[in-house]
Amino acid sequence: MAVCFELVVNFGDDTEAAQAAARIDPKQWVLRAGTHRIPLHRPMLAEAGGYIELSILPVAVSWHCALDGSFPRFPLTAAELTELAHQLYELLMQFRGYVAAQVGWDPESLVDPAELRNEWSAELSDGSLHGLVLCDELPAELDLSADYEVFQPGYRWIPYRGEEPSNLTAD
C-alpha cells in the first residue's frame with residue numbers, strides 16, 4: 001500500500017481552474033529539503049466523490065508510490081518534510097478556484113467538505129487540522145470558529161505547524 005506525501009486540492013466542479021492548475025510545469029519546481037533537491041511529478045487530475053481533485057507529489061518522497069518507479073526513496077527527516085510542505089503551500093498560492101487543500105501524508109479525506117462535516121467536525125472546531133486551507137465560504141458552511149487565519153485572499157487556514165518525527169520520517 002502506498003503512503004503519499006503530497007499536495008491535494010479540491011476544485012469542486014471548477015474544471016477550468018483545475019485544468020489551469022494542472023498545467024503547471026513541474027520542471028520549474030525543484031523543491032529543497034535539507035541538502036536534497038526534489039523534483040515534482042506531473043500533476044494528476046481525478047474525479048473524486050463528485051469533485052475534481054488535483055494531486056501533486058514530490059518525486060521519491062512517498063512510500064511505495066507507483067509514480068516513483070525505481071527511483072530510490074529520499075529518507076527525509078520531519079524538518080525536511082516540513083521544508084518541502086512549505087514550498088508546496090507556496091505552489092498552492094498560485095492556484096485559484098479551489099474549495100479546499102492540504103499538504104501531508106494521504107490528505108485526500110481532508111479536502112472533501114462532506115467528509116470534513118461528517119468525520120472531522122471536532123478537529124475542525126478545535127483547530128487540530130493544521131495546514132488545512134478552505135475557501136472563505138466553507139468556514140461558515142461548516143460552522144467553524146473565526147480562528148482560521150487568512151492564507152491568501154479568498155482562503156483561510158489553520159497555519160501549518162510542520163511534520164513530527166514518526167515511522168514515516170528518517171528521525
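Ring pairs tie Phe-11, Phe-95, Tyr-98 and Tyr-155 together into one cluster. Keep in mind that this is a predicted model. A search through the whole structure turns up 8 aromatic pairs. One of them is the pair of Tyr-98 and Tyr-155, which is stacked, with 4.0 Å from centre to centre and 15° between the planes.

Are the two tyrosines buried or exposed? Tyr-98 has 2% relative accessibility, and because buried means under 20%, it counts as buried. Tyr-155 has 6% relative accessibility, so it counts as buried as well.

There's also a charge sitting over a ring: the charged end of Arg-73 lies over the ring of Trp-63, 3.8 Å from the ring centre.

**The H2 helix**

H2 runs over residues 78-92, which makes 15 residues. From its first C-alpha to its last it reaches 21 Å, close to the 21 Å expected at 1.5 Å a residue. How many of its residues are buried? The count is 11 of the 15, so H2 is largely enclosed by the rest of the structure. Among the buried residues are several leucines, including Leu-81, Leu-84, Leu-88, Leu-91 and Leu-92. The buried list also takes in Glu-80, Thr-82, Gln-87 and Tyr-89. As for reading such a list along a helix, an α-helix has 3.6 residues a turn, so residues three or four places apart point the same way.

**The largest pocket**

If you're looking for open space, about 310 Å³ of it lies in the largest pocket. Of the 18 residues that line this pocket, Gln-102, Gly-104, Trp-105, His-130 and Glu-163 are the closest to its centre.

Trp-105 and Phe-5 are 100 residues apart in sequence, yet their C-alpha atoms are 4.4 Å apart in space.

**Two residues with positive phi**

Ala-60 has a phi near 60°, a positive value in a residue other than glycine. His-64 isn't a glycine either, and has a positive phi of about 60°. Ala-60 is placed in the loop between E5 and H2, and His-64 is found in the loop between E5 and H2 too. Which of the two is buried and which is exposed? Ala-60 is at 1% relative accessibility and so counts as buried, whereas His-64, at 64%, counts as exposed.

**Pairs apart in sequence**

Here are some C-alpha to C-alpha separations, for residues in several parts of the chain.

| Pair | Apart in sequence | Apart in space |
|---|---|---|
| Gly-49 and Arg-32 | 17 residues | 33 Å |
| Ser-128 and Arg-37 | 91 residues | 30 Å |
| Trp-105 and Phe-5 | 100 residues | 4.4 Å |

Gly-49 lies in the loop between strand E4 (44-48) and strand E5 (51-56). Its relative accessible area is 75%, so Gly-49 is exposed. Ser-128 lies in another loop, the one between helix H4 (121-126) and strand E7 (133-135). At 33% relative accessibility, Ser-128 counts as partly exposed.

Note on methods. Residues are numbered from 1 along each chain as its sequence is written. This is a predicted model: local features need pLDDT of at least 70, side-chain atom pairs count only at pLDDT 80 or more; totals for chains, interfaces and linings use all residues. Side-chain values use heavy atoms; hydrogens and water are left out. On a 1 Å grid over the protein atoms alone, a cavity is a set of points where a 1.4 Å probe fits but cannot get out, and a pocket is an open set with protein on both sides within 12 Å along at least five of seven lines; lining residues have an atom within 4 Å of a point. Grid points are joined across faces, edges and corners, and a volume is the space filled by probe spheres set on the points. Helices (H or I, at least four residues) and strands (E, at least two) are DSSP runs, numbered from the N terminus. The expected span of a helix is 1.5 Å times one less than its number of residues. Buried means under 20% relative accessible area, exposed over 50%, partly exposed in between (1.4 Å probe, protein chains only). Rings of Phe, Tyr and Trp (its six-membered ring) pair if their centres lie within 6.5 Å; planes under 30 degrees apart count as stacked, over 60 as edge-to-face and the rest as tilted. A charge sits over a ring if NZ of Lys or CZ of Arg is within 6 Å of the ring centre and within 35 degrees of the ring normal.
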